[in-house]
Amino acid sequence: AAGAGQEPQARGRPRPVTLGAIPRREGGGAGLSLACKPLAQAPLSCETSLRKLKFKGHGSVSPDEAARAAPFHLDLWFYFTLQNWVLDFGRPIAMLVFPLEWFPLNKPSVGDYFHMAYNIITPFLLLKLIERSPRTLPRSIIYVSIIVFIMGASIHLVGDSVNHRLLFSGYQHHLSVRENPIIKNLKPETLIDSFELLYYYDEYLGHCMWYIPFFLILFMYFSGCFTASKAESLIPGPALLLVAPSGLYYWYLVTEGQIFILFIFTFFAMLALVLHQKRKRLFLDSNGLFLFSSFALTLLLVALWVAWLWNDPVLRKKYPGVIYVPEPWAFYTLHVSNRH
């Protein structure tokens with residue numbers, strides 16, 4: 001018999017089987033009823049979760065990440081370009097412009113203070129750039145890269161400071177350490193080994209520890225700069241104004257830092273990633289297009305620079321081998337400073 005307030009159950013009609021049902025309490029009265037959620041609804045949520053997990057690999061961009069393309073970071077790219085030109089490219093220029101009496105040879109120069117500011121501001125901007133990436137990047141690699149970057153830039157600060165101070169004593173950048181006239185006359189001769197060690201820290205170890213993590217962070221950020229909407233794959237007007245100074249700065253970085261192999265490897269890795277994502281119907285967003293366009297302009301400028309100085313006998317002697325990329329400061333001391 002059915003109780004009060006309950007509908008009588010039809011005889012002979014089988015009750016629906018609710019396997020995997022989850023009981024819950026309904027109503028506020030004393031009676032209890034079991035409301036069952038059929039298991040048929042579960043595969044839809046599981047399928048959605050599996051689809052998300054499928055695209056969450058380190059080398060891929062998930063559909064959710066591709067759908068929320070980041071706007072163009074005008075503030076970060078502007079600060080990035082400005083501090084690169086002022087604090088990095090402007091360092092040696094400031095050392096030559098400011099009077100020597102203000103910064104004696106046995107004290108840090110104005111360029112050294114520029115370098116200290118660069119070593120602090122650049123890692124901060126790189127971290128802010130990573131924070132705005134639509135894609136979740138591995139934090140451990142980011143942190144280690146930033147630490148190595150700061151250490152390498154600090155090593156370069158000391159070696160570069162001494163090498164630029166030697167310019168006031170007649171040191172010539174277009175010659176090797178042992179071929180410089182002011183180095184040949186050093187006594188005892190073991191001092192020459194010390195200057196070569198200083199040059200190694202400045203031009204080789206410092207540059208490797210500085211630029212490898214720098215380009216690695218930029219590439220990891222670039223790997224998240226993809227969108228499923230082709231309409232968002234456009235460079236805004238303000239970004240076009242920054243492409244030229246950004247590409248020109250990277251030309252200076254590649255030539256003066258002697259990191260052409262690292263740069264060309266990074267550029268081809270970016271190009272391969274673009275082609276790979278294009279087959280998935282994913283396109284570069286405005287930030288990715290800005291970075292890729294800057295690197296493409298850099299490659300063009302490096303090619304023009306090498307073609308212009310291809311037959312220079314003195315620079316050819318200092319930069320032997322298959323890869324011939326002269327340094328701008330070596331060109332300055334050879335062809336510009338000697339005229340004054």
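Among contacts in the protein (heavy atoms within 4.5 Å) between residues at least 6 apart in sequence, 75% join residues at least 24 apart. The model is a predicted one, in which local features need pLDDT of at least 70 and side-chain atom pairs count only at pLDDT 80 or more, while totals for chains, interfaces and linings use all residues. Residues are numbered from 1 along each chain as its sequence is written, and side-chain values use heavy atoms, with hydrogens and water left out.

The secondary structure comprises 12 helices and 2 strands, taken as DSSP runs (H or I of at least four residues for helices, E of at least two for strands) and numbered from the N terminus. Of the 340 residues of the protein, 41% count as buried, that is, under 20% relative accessible area with a 1.4 Å probe and protein chains only.

Helix α4 (residues 110–131) packs with helix α5 (residues 139–165) at an angle of about 165°, their axes being 10 Å apart; α4 and α5 are therefore roughly antiparallel to each other, a term used for angles over 145 degrees. The residues in contact include Tyr-118, Leu-126 and Ile-130 in α4, and Ile-146, Phe-149 and Leu-157 in α5. The residues of this contact divide into 12 nonpolar, 6 polar and 1 charged, where Asp, Glu, Lys and Arg count as charged, Ala, Val, Leu, Ile, Met, Phe, Trp, Tyr, Cys and Pro as nonpolar, and the others, Gly among them, as polar.

In an unreviewed entry, UniProt lists residues 113–130, 142–159, 204–222, 234–252, 258–276 and 288–310 under "transmembrane region", although such annotations may be inferred rather than shown by experiment. Residues 234–252 are 84% helix and 0% strand, with end C-alpha atoms 27 Å apart, and residues 258–276 are 89% helix and 0% strand, with end C-alpha atoms 29 Å apart.

Methods. Axes fitted to C-alpha atoms, helices over the stretch in contact; angles between N-to-C directions. Parallel < 35°, antiparallel > 145°, perpendicular 65-115°, else oblique. Buried < 20%, exposed > 50% of the residue type's maximum accessible area, 1.4 Å probe, protein only.
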